[in-house]
Amino acid sequence: MTTPGNTLNTLNTTDTPNPEFINTPWRDPQQRPFIEIEGLSKRFGDFIAVDAVNLKIYRRELFTILGGSGCGKTTLLRMLAGFEKPSAGRIRIDGVDVTDLPPYLRPVNMMFQSYAVFPHMTVYQNIAYGLKKEKLPRAEIKERVGRMLELVQLTALSKRKPNQLSGGQRQRVALARALIKQPKVLLLDEPLAALDKKLREQTQFELMNIQDKLGITFVVVTHDQEEAMTLASRIAVMDAGDFVQIGTPSEVYEFPRNHFVASFFGSINLFDATVTSVDAGELCVLLDDSDTEICTRYEGELAVGSACKIGVRPEKLLISTERPAEQGNTITRGVVEDLAYKGNRSIYRVRAQNGRIIMVSAQNKQRSAHLPLEWDDEVYLSWPSDCSVVLTA
Ligand SMILES: Nc1ncnc2c1ncn2[C@@H]1O[C@H](COP(=O)(O)OP(=O)(O)OP(=O)(O)O)[C@@H](O)[C@H]1O
Ligand SMILES: [Mg+2]
């Protein structure tokens with residue numbers, strides 16, 4: 001057997017939150033991670049479902065794991081819960097190596113992808129079930145279930161059976177059942193997938209409030225980017241069993257590490273470019289179909305003369321018939337090929353001089369029954385140069 005994870009923990013770390021990093025413990029070099037995953041892999045025969053991943057999650061985080069179908073999210077969560085034995089690697093939770101512990105000895109509870117509530121039991125009985133099994137005194141069960149019902153706002157419905165509840169209410173019963181045993185970590189596998197869009201958005205906020213009130217560390221798996229952005233303290237973007245990028249919602253959106261992450265979170269326009277200079281964290285490139293040089297933040301390795309792509313989000317682009325100011329802007333030209341009025345904003349598809357289509361999302365700030373631009377209008381497209389993302393893969 002491997003030694004119980006002593007290598008996972010670095011010395012000189014602490015559990016006491018540093019006020020300076022209260023909402024961003026991952027930036028505190030002294031903070032000890034609450035969940036620590038090192039070199040964790042899972043093979044099913046020849047197939048590698050999870051490929052030697054490393055991850056540190058901090059106390060009270062609402063951490064999301066995001067990725068397409070089959071990328072290994074559930075497998076990773078099942079290893080954390082103890083339902084799946086890792087092929088390699090260690091897991092440590094709250095200072096204890098749990099890799100070889102069975103599920104019931106881990107300070108973890110899991111809400112499964114297809115959550116099950118008992119159909120023949122009332123809401124109350126469903127929530128009380130775990131405590132009854134532990135043979136806790138009646139009065140304590142009543143008190144704890146009562147508090148839980150209040151937390152998930154189901155007190156008035158406690159006598160109903162699941163088939164007399166809406167999808168969102170059933171979801172909250174499942175959540176209450178998972179929370180009642182006061183786990184240190186709650187693992188939630190696609191907790192809101194069964195809900196329609198509106199209910200889902202409402203339940204996202206409820207989930208965040210409940211997590212905040214209880215101070216439990218949540219690890220939420222989802223394949224919905226918007227949901228991950230709304231919920232998460234940080235997001236791990238997963239692809240083919242590996243993490244492609246781990247960061248806050250704004251980091252992964254504004255500073256995607258590669259094209260996969262960039263296009264996973266909304267749309268991004270890509271321009272071909274050639275590197276003209278490289279200097280400590282700053283890279284300058286010349287867009288292939290423009291004479292403007294763009295200098296922007298870049299921490300990777302690219303040599304002068306090499307080709308790369310510049311990514312720009314549609315909402316960063318300004319579309320206008322007049323040539324915009326040069327200062328700090330990248331400017332290119334095109335013709336409006338398509339437009340869609342969406343009320344709060346309009347989406348333009350502009351054909352650039354090199355034939356490529358560029359998407360622009362423009363806020364409709366003025367109140368007008370007339371569109372400011374029409375099909376076939378010749379337009380300038382511009383964006384602040386520092387909104388450019390250098391993408392190599
Ligand atoms: N018991 C198993 N035996 C063989 N292959 C498995 C087993 N469990 C999962 N897999 C494979 O491992 C990969 C990852 O599965 P996993 O359930 O973790 O995906 P996921 O990211 O949760 O996907 P989804 O979003 O569809 O739920 C898939 O390709 C799946 O087919
Ligand atoms: Mg899954």
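Lysine 198 counts as exposed, because it has 9 C-beta neighbours inside 10 Å. Lysine 198 sits in helix H5 (residues 197–214), and its C-alpha atom is separated by 23 Å from that of leucine 187, 11 residues apart along the chain. This is a predicted model, in which local features need pLDDT of at least 70, side-chain atom pairs count only at pLDDT 80 or more, and totals for chains, interfaces and linings use all residues. Residues are numbered from 1 along each chain as its sequence is written, while chains are lettered from A and ligands numbered from 1 in the order in which they are written.

**The whole chain**

- The chain holds 8 helices and 20 strands; helices (H or I, at least four residues) and strands (E, at least two) are DSSP runs, numbered from the N terminus.
- Taken along the principal axes, the C-alpha atoms fill a box of roughly 75 × 55 × 45 Å.
- Of the 393 residues in the chain, 36% are buried.
- Among contacts with a separation of 6 or more, 63% join residues 24 or more positions apart; two residues are in contact if their C-beta atoms, placed from the backbone, lie within 7 Å.

**Helix H1 and ligand 1**

- Helix H1 (residues 73–81) is largely enclosed by the rest of the structure, because 9 of its 9 residues are buried.
- The buried residues of H1 include Lys73, Thr74 and Thr75, and these three are also among the closest to ligand 1, along with Phe44 and Ser69.
- In total, 13 residues surround ligand 1, where a residue is near a molecule if its C-beta atom, placed from the backbone, lies within 6 Å of it.
- Strand S2 (47–57) and H1 are the elements that give two or more residues to this shell, and H1 gives the most, with 3 residues.
- By class, the shell has 4 nonpolar, 8 polar and 1 charged residues; Ala, Val, Leu, Ile, Met, Phe, Trp, Tyr, Cys and Pro count as nonpolar, Asp, Glu, Lys and Arg as charged, and the others, Gly among them, as polar.
- Just after H1 comes glycine 82, with a positive phi of about 100°.

**The largest nonpolar core**

- This core has 88 residues, and Leu80, Ile127, Leu187, Val219 and Val237 touch the most other members; a nonpolar core is a set of buried Ala, Val, Leu, Ile, Met, Phe, Trp, Tyr and Cys residues joined through C-beta atoms within 7 Å.
- Helix H4 (residues 167–179) gives the most to this core, with 6 residues.
- Beyond its neighbours within four places in sequence, valine 219 is in contact with Ile57, Phe63, Ile65, Leu77, Leu80, Val185 and Leu187.

- Ile141, Val145, Met148 and Leu149 are the buried residues of H3.
- Seen down the axis, these buried residues fall within an arc of 100°, so they line one face of the helix; the arc is that of the directions from the helix axis to the C-beta atoms.
- Turned away from that buried side are the exposed residues Ala139, Glu140, Glu143, Arg147 and Glu150.
- Helix H2 (123–133) and H4 are among what covers the buried residues of H3, and H3 and H4 are among what covers those of H2.
- In H2, the buried residues are Val123, Tyr124, Asn126, Ile127 and Ala128.

**Loops and positive phi**

- Most residues other than glycine have a negative phi.
- Glutamine 153 is not a glycine, yet has a positive phi of about 55°; this residue is found in the loop between H3 and H4 and counts as partly exposed, with 13 C-beta neighbours inside 10 Å.
- Aspartate 376 also has a positive phi, near 70°, and lies in the loop between strand S18 (357–363) and strand S19 (378–384). Aspartate 376 counts as exposed because it has 8 C-beta neighbours inside 10 Å.
- Glutamine 327, in the loop between strand S15 (318–320) and strand S16 (329–341), is exposed, with 7 other C-beta atoms within 10 Å.
- The C-alpha atoms of glutamine 327 and proline 384 are separated by 8.7 Å, with the two 57 residues apart along the chain.

Definitions and conventions: A residue is buried if 20 or more other C-beta atoms lie within 10 Å of its own, exposed if 12 or fewer, and partly exposed in between; C-beta atoms are placed from the backbone.
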